[in-house]
Amino acid sequence: MNMLLGAVADDLTGATDLALTLSREGMRTVQTVGVPADDFDFGDAEAVVIALKSRTIPAAEAIAMSLEAARLLKAHGAEQIIFKYCSTFDSTPQGNIGPVAEALLEELGGNLTLACPAFPTNGRTVYRGHLFVGDQLLSDSPMKDHPLTPMTDSDLVRVLQQQTTLPVGLVIHDAVSKGHEAVAAAFKAAASKGEKVIIVDAITNDDLRAIGKAAADMTLITGGSGIAIGLPENFRRAGKLAPRQTAAAFAGPAGPAVMLAGSCSTATRRQVETAIAAGTPAMKLDPLAIADGRNTADAVIDWVKANSSAAIPLVYSSSDPEDVKKAQDVLGRDRAGAVVEHLLADVAIALRNDGYRRFLVAGGETSGAVVNGLGVEALFIGPEIDPGVPWTLSLGDEAPLALALKSGNFGSDDFFLKAWELMR
Ligand SMILES: Nc1ncnc2c1ncn2[C@@H]1O[C@H](COP(=O)(O)OP(=O)(O)O)[C@@H](O)[C@H]1O
Ligand SMILES: O=C(O)[C@@H](O)C(=O)COP(=O)(O)O
């Protein structure tokens, strides 16, 4: 039994982001899509990330599936569990970060856990308990307009305390900057006050490594992918993990390719514009047109095939907040999202059945819908395209698929163009 670290991620692209971090830090990492069967063969994986689609579902369902995933990881030997959520703390007053963290902590039996979404490489930092996205407070950032989880408060202690009955505490940067011993002492002080979930400031990767070291004995760690930076070293220090290895070679399949974007995040909208400006054939979908039958999967499939000979076509529904609101006012938030997700999943399935082997998908929920539709069970993590986004290869398929699953807000403006350069 090799598994050391297990992770439960609340969406697919978030899971891939974490799996990339663990693999870059030298752990053999496998990612599964959904909770696998009890006897799933994880091979020689030292870290396993189970990707759920639990970010925006009812809290009780998110708890049930997160517990099932954590129990399976523990049964396979995981010594520590990470609960991975978004670096922008995507959630609603009902959850699901608080309720899931609370249930996992009870299940795993720790006296306290930490909560740290910081991902400095992608501009997410936490200072005095406030989350920043680049130079802006979370509540001033484009996250305030997210279609499913608008974030309008940057004070993470307040946000989290609304979602959980457990007392929420804060370890500020003054302690973190002093290193792992000061952080461990702050955790001890918090525990003695009865605090159970501790927001931790972090503004650099060194901060995250110090926090990781201080959290070596925690049964549960919660946060963004950044919180995992310092964890593999704990196992290495304990003699359980080999020195860093070079990543295995990545050979993507050949054949036709397509890009599907359901993310309305600012970064994705810029990427769509850049790709179109560079001559990428692009077809725009509209939730209202899908709902009343003007946009159909068949028409999209025909269009993709007609545009695949000389280019990699892009199908997108990415729209600005005003248009998103228009669609939501008519269809409701959930249905507006669901019609797009279903259509893109249907398109992906039909194209795969027609020989398409390479898919770039933008958006966490969107990627979850597409990959579930494709029936992919597990992913091998390949090279990094941009921080937080690797190419991946489906595992267990006779004809593996190459999948780039991009979190909405990640990636440089030319992401849709440069991703393919790593496949040549
Ligand atoms: N034009 C649109 N109007 C309303 N909702 C949309 C539109 N386009 C996509 N959506 C939905 O918005 C959600 C975007 O979430 P997601 O895919 O997770 O992207 P991100 O990673 O940017 O958060 C999805 O449910 C998607 O179907
Ligand atoms: O932590 C992050 O920012 C990402 O890993 C992530 O979870 C993003 O979610 P989506 O924007 O829904 O893809």
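UniProt, in an unreviewed entry, lists residues 5-230 as "domain: Four-carbon acid sugar kinase N-terminal". Welcome to a quick tour of this predicted model, in which the protein is divided into domain 1 (5-237) and domain 2 (257-423). Ligand 2 lies between the two domains, because both of them give residues to the shell around it. Ligand 1 has a shell of 24 residues.

**Annotated spans**

- Along residues 5-230, the chain is 34% helix and 20% strand.
- Residues 258-416 are 45% helix and 23% strand, and here the end C-alpha atoms are 10 Å apart.

**How the two domains meet**

- Taken over C-alpha atoms, the centres of domain 1 and domain 2 are separated by 27 Å.
- Contacts link 23 residues of domain 1 with 27 residues of domain 2.
- On the domain 1 side of this contact, α1 and β2 (29-33) are the elements that give two or more residues.
- Helix α1 gives the most to that side, with eight residues.
- Sorted by class, the side of domain 1 that touches domain 2 has nine nonpolar, ten polar and four charged residues.

**Around ligand 2**

- What surrounds ligand 2? There are 16 residues around it, and the closest are Gly-14, Asp-17, Ser-87, Gly-364 and Ser-407.
- Helix α1 (residues 12-24) supplies the largest share of this shell, namely three residues.
- By class, the shell of ligand 2 holds twelve polar, two nonpolar and two charged residues.

**Around ligand 1**

- Which residues come nearest to ligand 1? They are Ser-263, Gly-337, Gly-363, Glu-365 and Gly-408.
- Three helices, α12 (321-331), α13 (333-353) and α14 (364-374), each supply at least two residues of the shell around ligand 1.
- The shell of ligand 1 is made up of 13 polar, eight nonpolar and three charged residues.

**The α12 and α13 pair**

- Two of the helices that supply the ligand 1 shell, α12 and α13, pack with their axes 7 Å apart, at an angle of about 110°.
- Angles of 65 to 115 degrees count as roughly perpendicular, and α12 and α13 are therefore roughly perpendicular to each other.
- From α12, the contact is made by Ala-327, Gln-328 and Leu-331. From α13, Arg-333, Arg-335, Ala-336 and Val-339 take part.
- The residues of this contact divide into four nonpolar, one polar and two charged.

**Backbone details to check by eye**

- Most residues other than glycine have a negative phi, and most peptide bonds are trans.
- The peptide bond from Gly-95 to Asn-96 is cis, with omega near 15°. Asn-96 sits in the loop between β4 (80-84) and α3 (97-108).
- Phe-89 is not a glycine, yet it has a positive phi of about 60°.
- Where is Phe-89 placed? Phe-89 is in the loop between β4 and α3.

Conventions. Residues are numbered from 1 along each chain as its sequence is written. Chains are lettered from A and ligands numbered from 1 in the order in which they are written. This is a predicted model: local features need pLDDT of at least 70, side-chain atom pairs count only at pLDDT 80 or more; totals for chains, interfaces and linings use all residues. A residue is near a molecule or strand if its C-beta atom, placed from the backbone, lies within 6 Å of it. Helices (H or I, at least four residues) and strands (E, at least two) are DSSP runs, numbered from the N terminus. Ala, Val, Leu, Ile, Met, Phe, Trp, Tyr, Cys and Pro count as nonpolar, Asp, Glu, Lys and Arg as charged, and the others, Gly among them, as polar. UniProt positions are given in the numbering used here, feature names are shortened, and annotations may be inferred rather than shown by experiment. Domain bounds come from an automatic or database domain assignment. Two residues are in contact if their C-beta atoms, placed from the backbone, lie within 7 Å. Axes are lines fitted to C-alpha atoms, for helices over the stretch in contact, and angles run from 0 to 180 degrees between N-to-C directions. Angles under 35 degrees count as roughly parallel, over 145 as roughly antiparallel, 65 to 115 as roughly perpendicular and the rest as oblique.
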